[in-house]
Amino acid sequence: MRKRNESVTVEHERAAAAPAPLDKGCSLRHSLRLPAATDVDAGMKRPLGRRYGLWFRLRKLIIWLLGVYIAIPFLVKLCPAIQAKLVFLNFVRVPYFIDLKRPQDQGLNHTCNYYLQPEEDVTIGVWHTVPAALWKNARGKDQLWFEDALGSSHPVILYLHGNAGTRGGDHRVELYKVLSSLGYHVVTFDYRGWGDSIGSPSERGMTYDALHVFDWIKARSGDNPVYIWGHSLGTGVATNLVRRLCERETPPDALILESPFTNIREEARSHPFSVASTQYFPGFDWFFLDPITTSGIKFANDENVKYISCSLLILHAEDDPVVPFHLGKKLYNIAATSRSFRDYKVQFVPFHTDLGYRHKYIYRSPELPRILREFLGKSEHEHHH
């Protein structure tokens, strides 16, 4: 009896220790539960899914950027007007929210705002700043008084600004103040399509606007010297204008070019935005530079100076990031060896990098009054003799 009980006990313990029998589906019959295969797969898929989703988005972004990189050149090639807009940047109006009819808001209390009409359907806004000696007399005066003042014994500077912005740009206003303090009338304007001037921009139109304003000044200034000052893109307008004036034998008394280039094609190729593209984009000239020519935009300073016969002063900062210094120097070398300047003074004035004048701050130079006095004094002597 004892043996039977012992054997029953042993069998019972063995049965308890033995693994539970499996059913036909190879699953445990009791409540013991192993992790399901689907749970394991889901746990593994989560990080894989996140990595795959990130890679998919990154690949999508790369494809999109590559598409834009390829599409833009073809778009520019097919629509040359886009490149023209990028050259002129006349749609960029800075500073914003200024009333160009009120130059006094920019600290120019001795300035009058005019509107002239070079052609039918074209109206251009003009500012005339009188010399500092006439500031007090200019208070409250009308346009007729300002026009008559051009006949006073003070030289006149016609200032041709560069692309973007308006005649009310900060650095431009500061230059007007400097020139006014030195005893010059300063007449400046916005080309058609800039500021509040009406019309569509083009190289021909800009040049014609400048010619119209020059003739307007000469009709009122008598025998007073008239100088032309161009900055950046305005140097292209300036040389176009002066070449035309020389061809009709009515040259200005001197030409001043601040931050000039040789021609718009070389300037576009040398521009910081273009440098990377010229190095890494095949066919850059065909895609980006040829459309500029197709739009009729040349601004060929290097050709124009061969036909100019008046004194020439070039001002350029070595740290100019927009129009590289070497282009201004190259233009000077072309002019200095040109036969058209054999009887006139040609001068190049560099401004060292340490001064930090860059593209548009040469007006800050304490040497500028002396430079102008010496150069234009010589030009006035040539004019009167």
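**Notebook: surface, sheet and salt bridges**

I began with the surface, and found that the accessible surface of the chain comes to about 20,700 Å², of which 57% belongs to carbon and sulfur atoms; accessible areas come from the Shrake-Rupley method with a 1.4 Å probe, and for residues only the protein chains shown count as cover. I noted that this is a predicted model, in which local features need pLDDT of at least 70 and side-chain atom pairs count only at pLDDT 80 or more, while totals for chains, interfaces and linings use all residues. Residues are numbered from 1 along each chain as its sequence is written, and side-chain values use heavy atoms, with hydrogens and water left out.

*Burial and overall make-up.* I looked up how much of the chain is buried (under 20% relative accessible area, with exposed meaning over 50% and partly exposed in between, for a 1.4 Å probe and protein chains only), and buried residues make up 44% of the 385 residues. I then listed the secondary structure, which comes to 14 helices and eight strands; helices (H or I, at least four residues) and strands (E, at least two) are DSSP runs numbered from the N terminus. For contacts (heavy atoms within 4.5 Å), I noted that, among those between residues at least 6 apart in sequence, 75% join residues at least 24 apart.

*The sheet.* I traced an open sheet of eight strands in the order E1-E2-E4-E3-E5-E6-E7-E8, with mixed pairing, where two strands pair if DSSP finds at least two bridges between them. The edge strands, each pairing on one side only, are E1 (111-119) and E8 (346-351). Neighbouring strands of this sheet are turned by 20° against each other on average, direction ignored; axes are lines fitted to C-alpha atoms, for helices over the stretch in contact, and angles run from 0 to 180 degrees between N-to-C directions. I also followed E7 (residues 311-317), which pairs with E8 in the parallel sense over six bridges, and saw that leucine 312 stands opposite valine 346 in E8. Helix H13 packs on the sheet, touching E6 (254-258), E7 and E8, and its direction makes about 165° with that of E8.

*Salt bridges.* I counted 14 salt bridges in the structure, each being a side-chain nitrogen of Lys or Arg within 4 Å of a carboxyl oxygen of Asp or Glu. One of them joins glutamate 266 to lysine 330, with the closest N and O atoms 3.1 Å apart. Glutamate 266 lies in helix H9 (residues 264-270) and lysine 330 in helix H13 (residues 325-336), so this pair ties together parts that are 64 residues apart in sequence. Lysine 330 is partly exposed, at 38% relative accessibility.

I also looked up arginine 102, which forms a salt bridge with aspartate 105 at 3.1 Å between the closest N and O atoms; arginine 102 is partly exposed at 37%, and aspartate 105 is partly exposed at 43%. Glutamate 303 bridges to lysine 306, the closest N and O atoms being 3.2 Å apart, with glutamate 303 partly exposed at 34% and lysine 306 partly exposed at 41%. Salt bridges that share partners join Glu119, Arg192, Arg204 and Asp209 into one network.

*A nonpolar patch.* I finished with a nonpolar surface patch of about 400 Å², made by Trp55, Leu58, Leu61 and Ile62. Patches are made of residues with over 30% relative accessible area and no salt bridge, like charges being joined within 9 Å and nonpolar side chains (Val, Leu, Ile, Met, Phe, Trp, Tyr) within 5 Å. Isoleucine 62 lies in helix H2 (residues 37-78) and is partly exposed, with a relative accessible area of 47%.
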